Amino acid sequence: MKITLLAGGVGGARFTRGLLHLLAERYPDGADGTTAQVTVIANTGDDMWLHGVRVCPDLDTVMYTLGGAIHEGQGWGRQDESSRVSADLAAYDLGWEWFTLGDLDLATHLARTELLRAGKTLTEVTAHLCRRWAPGVTLLPMSDQPVETHVVVGEGTPEDPERLIHFEEWWVRHRAGISARRFEQVGVDSASATPEVLDAIMTADLVLLPPSNPVVSVGTILGVPRIREALHATPAPVVGISPIVGGAAVRGMADACLTAIGVETSALAVGLHYGAREGLDGDDLLEGDGQTEAAAGRLGVIDGWLVDDSDHEAVSGLEAAGIRSRAVPLLMTDDAATAQIAAAALDLAGFR
């Protein structure tokens, strides 16, 4: 059984860990000849250069979480971390006080940068780094080309002109407290999905969209040319898990992101935003036979959508839109609870 996930950072990493917990229970040591292969396609829109090194927050969060090195209290970064290097750089008036690279984490970024400068692709570099942490999944960046999410802020007036800031500055420094006029994925138009990413989607038995940010995590992945088309064309069922519970984001500030693109912060609205996989011919689009980019942008990508028990009233609206839905507890309080969410997603897709 081949399962592919499109994931952001903390939510995607924790959901994947719960999924692995479930699969280990269902298929211990390949019992009955059944095994499960899991591939995680991670958002790289949060990536940036800092202190001369390439930082890939979501790739690292998935790798550290599944490899047992994550700082559980934060959900990101390394456990038992220190910050002597960043503190000393600050003494030279360098760096950002709101974005500190830990000493252990810095080693990962140095290794990535050295390998990239030696001519390795980001896919190859990620595989190299994962050999140390053995995350139990194949971890893939969404593209080998750099894509960086920026946020347009400012009212567009002479007193407060529009300006572009990196997503991490808006997210970490300002805690999404500045209204976002729109998001711009710099480089996404010239980026391309790797053969590994397309193969992981097209040959999967099941594709899952974890409860990651639908705008700047999963949404950024879907913006890479051919990925949305592949999701529409894959023979595998595609099931998503709502990151919105009771009208609020479970973690982070996804509500601010949704507001910026005009989508209501609700389980129903986010499910409809992803859209049902009905209508246009995804196979033709994947082959690039002349269908318009505008049509591709309207392609729905999900067959099923899990909502929380508190949002059970959304089920009827989703079903009416052609999206199978079920209401179950969606709070990932621990691995066992998360495994139950993963089990519900598999069940909704017809795997029991």
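Biologist: How many helices and strands does the protein have?

Modeller: Keep in mind that this model is predicted. The protein has 15 helices and 14 strands.

Biologist: What is the radius of gyration, and what would a compact globule have?

Modeller: A compact globule with 352 residues would have a radius of gyration near 20 Å. The protein has 20 Å, so the two agree. Along the principal axes, the C-alpha atoms fill a box of roughly 60 × 55 × 45 Å. Buried residues make up 53% of the 352. Take the contacts with a separation of 6 or more: 72% of them join residues 24 or more positions apart.

Biologist: Now the helix. How many residues of H2 are buried?

Modeller: Buried here means under 20% relative accessible area. By that cut-off, 10 of the 11 residues of H2 are buried, so this helix is largely enclosed by the rest of the structure. The buried set includes Asp58 and Asp60 as well as Leu59, Val62 and Met63.

Biologist: What follows H2?

Modeller: Gly68 does, and its phi is positive, near 80°.

Biologist: How do I describe two packed helices?

Modeller: Use the angle between their axes and the distance between the axes. Start with H2, residues 57-67, and H5, residues 122-133. Their axes come within 10 Å and cross at roughly 25°. Angles under 35 degrees count as roughly parallel. H2 and H5 are therefore roughly parallel to each other. Their crossing is right-handed.

Biologist: Which residues of H2 and H5 meet?

Modeller: On the H2 side they are Leu59, Met63, Tyr64 and Gly67. H5 brings Leu122, Thr126, Leu129, Cys130 and Trp133. By class, the contact of H2 with H5 has 7 nonpolar residues, 2 polar and no charged.

Biologist: And H4? At what angle do the axes of H2 and H4 cross?

Modeller: At roughly 120°, with the axes coming within 12 Å. H4 spans residues 103-117. H2 and H4 are therefore oblique to each other. This crossing, too, is right-handed.

Biologist: Which residues of H2 and H4 meet?

Modeller: Asp60, Met63 and Tyr64 in H2 meet a set from H4: Asp105, Thr108, His109 and Arg112. The contact of H2 with H4 divides into 2 nonpolar, 2 polar and 3 charged residues.

Methods. Residues numbered from 1 in each chain as written. Predicted model: local features only at pLDDT ≥ 70, side-chain atom pairs only at ≥ 80, totals over all residues. Heavy atoms only, no water. Axes fitted to C-alpha atoms, helices over the stretch in contact; angles between N-to-C directions. Helix = DSSP H or I, 4+ residues; strand = E, 2+ residues; numbered from the N terminus. Parallel < 35°, antiparallel > 145°, perpendicular 65-115°, else oblique. Left-handed = near helix turned anticlockwise from the far one by under 90°. Contact = heavy atoms within 4.5 Å. Nonpolar A, V, L, I, M, F, W, Y, C, P; charged D, E, K, R; others polar. Rg over C-alpha atoms; globule rule 2.2 N^0.38 Å. Buried < 20%, exposed > 50% of the residue type's maximum accessible area, 1.4 Å probe, protein only.
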